[in-house]
Amino acid sequence: MKVELDKTGMVHLVSGTYPSHDMQETLLNRNLGYRENDVWHWDSEELRKLDNPQLYTLYKELRY
């Protein structure tokens, strides 16, 4: 079954994914989040600036 997510759904999907340490460095450079006390925090305002194809690509990068 294929489910289409709107932008809000994609933001929630990405922000619910914890990136690997290597990926965190890339995300920091893209200003998509920050690390505080060795815990990753997404910047939801920056995520909302991305469109659905960008969010989907980011999610695939996080998962694989």
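How many aromatic pairs does the structure hold? The structure holds one.

This is a predicted model, in which local features need pLDDT of at least 70 and side-chain atom pairs count only at pLDDT 80 or more, while totals for chains, interfaces and linings use all residues. Residues are numbered from 1 along each chain as its sequence is written, and side-chain values use heavy atoms, with hydrogens and water left out.

**View 1. The aromatic pair of W40 and W42.** The two rings lie 5.6 Å apart, centre to centre, with 90° between their planes, an edge-to-face arrangement. Rings of Phe, Tyr and Trp (its six-membered ring) pair if their centres lie within 6.5 Å; planes under 30 degrees apart count as stacked, over 60 as edge-to-face and the rest as tilted. Both W40 and W42 are buried (under 20% relative accessible area; exposed is over 50%, partly exposed in between; 1.4 Å probe, protein chains only).

**View 2. Helix α4, residues 52–63.** Helices are DSSP runs (H or I, at least four residues), numbered from the N terminus. The end C-alpha atoms of α4 are 16 Å apart, which agrees with the 16 Å that its 12 residues should span at 1.5 Å a residue. The expected span is 1.5 Å times one less than the number of residues. Buried in α4 are L55, L58, Y59 and L62. They lie on the same side of α4, because they cover an arc of only 100° around the axis, taken from the directions from the helix axis to the C-beta atoms.

**View 3. P53 in helix α4.** P53 counts as exposed because its relative accessibility is 54%. The C-alpha atoms of P53 and M10 are separated by 9.5 Å, and the two residues are 43 residues apart along the chain.

Note on methods: Helices (H or I, at least four residues) and strands (E, at least two) are DSSP runs, numbered from the N terminus.
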